[in-house]
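Subject: Structure handover and notes

Dear colleague,

I am passing on to you the structure below, together with some notes that you can read beside it. Please keep it open while you go through them.

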Amino acid sequence: MLFIHWNLNPQIFATEWISLRYYSLLFALAFIGAYLVLKKIFITEHIDLKLLDRLFLYVFVGTLLGARLGDCFFYDWGYYKNHIAEIILPFTYANGKFQITGYTGLASHGGAIGILIAVFIYCKVYKQSFLFIVDRLVIAVALAGTFIRIGNFFNSEIIGKPSTLPWAIIFERVDNVPRHPAQLYESACYLIIFFVLMWLYKKYKSTSGLLFGWFLILVFSCRFLLEFIKENQESFESSMMINMGQLLSIPFIITGIILLLFRKRFHQHS
């Protein structure tokens, strides 16, 4: 059987001091696409766009900090507990010279936590309703996730388990085994969720956590199920009944269910 071979260099170009990767480009497109979606929503609802610009600053910082810290603490604490400075600094010092390492580790669950904390602070500072903001923000976040998982595909990371399906892909930068293109599965799921949330928004324009609740349930249920066909990201996960990604998804799913069950009560206090 013929399989698709994937061996694209993840770097678009590189110099001694800087490089541009497809992942970085898609990460930027994720934020641009998310901004444009929210801009249209804010204009439609006659909300001051200055609030959107400030919100995106908070979300950008929260995403990067949360995703970085999540990767360091959830997946690679064994290394970073002895290299604390490298958690924040994009370089290392060894053998008498500095070496730029960049931020190669970003965890989506950490990013989600970082976004929620950032939005909570934003709402306190600018006296906005938390549920009102997140009900709209999650639409954009679902779209952003679509781009980011395509970036993972370009990086040949977060690969799937071996497969004999006709659309299996051989990630030659990893090995010569045909595998599930798990990144593309997840990207497709997020795109579908984006359209579902957009439909819910147009139908209800909820400010009571309806979209936020469905986002948590749909996104992290997809993540939980897709982990069954992904290779574990770290060796310590091989001894776990469910891996770290699944373990971290469960609280988000439960939170989404609780939010849908009690959203009217939460709305009264938001």
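How many disulfides does a search of the whole structure find? The search finds zero, where a disulfide is a pair of cysteine sulfur atoms within 2.5 Å. C189, for instance, is in no disulfide, and the nearest cysteine sulfur, that of C222, is 4.1 Å away. As a general point, a disulfide is a covalent bond between the sulfur atoms of two cysteines.

Before going further, please note that this is a predicted model, in which local features need pLDDT of at least 70 and side-chain atom pairs count only at pLDDT 80 or more, while totals for chains, interfaces and linings use all residues. Residues are numbered from 1 along each chain as its sequence is written, and side-chain values use heavy atoms, with hydrogens and water left out.

Several notes concern burial, where buried means under 20% relative accessible area, exposed means over 50%, and partly exposed is in between (1.4 Å probe, protein chains only). C189 counts as partly exposed because its relative accessibility is 21%, whereas C123, at 5%, counts as buried.

The aromatic residues come next. The structure holds 18 aromatic pairs; rings of Phe, Tyr and Trp (its six-membered ring) pair if their centres lie within 6.5 Å, and planes under 30 degrees apart count as stacked, over 60 as edge-to-face and the rest as tilted. The rings of Y23 and F27 have centres 6.0 Å apart and planes at 35 degrees, so this pair is tilted. Both residues lie in helix α1 (residues 22-44), four residues apart, which is about one turn of the helix; helices (H or I, at least four residues) and strands (E, at least two) are DSSP runs, numbered from the N terminus. In general, an α-helix has 3.6 residues a turn, so residues three or four places apart point the same way. Y23 is buried, with a relative accessible area of 15%, and F27 is buried at 12%. The rings of F27 and F31 have their centres 5.4 Å apart and their planes at 45 degrees, so that pair is tilted. Y23, F27, F31, Y35, F56 and F60 form one aromatic cluster.

Which residues does N155 contact, leaving aside its neighbours within four places in sequence? They are P10, R21 and Y23, where contact means heavy atoms within 4.5 Å. N155 lies in the loop between α6 (130-154) and β6 (169-171), and N155 is buried, with a relative accessible area of 15%. S156 has its place in the loop between α6 and β6 and counts as buried at 8% relative accessibility. With neighbours within four places again left aside, the contacts of S156 are W6, F171, R173, V174 and Q183.

Finally, please look at G245, which is found in helix α9 (residues 244-268) and is buried, with a relative accessible area of 0%. The C-alpha atoms of G245 and S108 are separated by 9.0 Å, although these residues are 137 residues apart along the chain.
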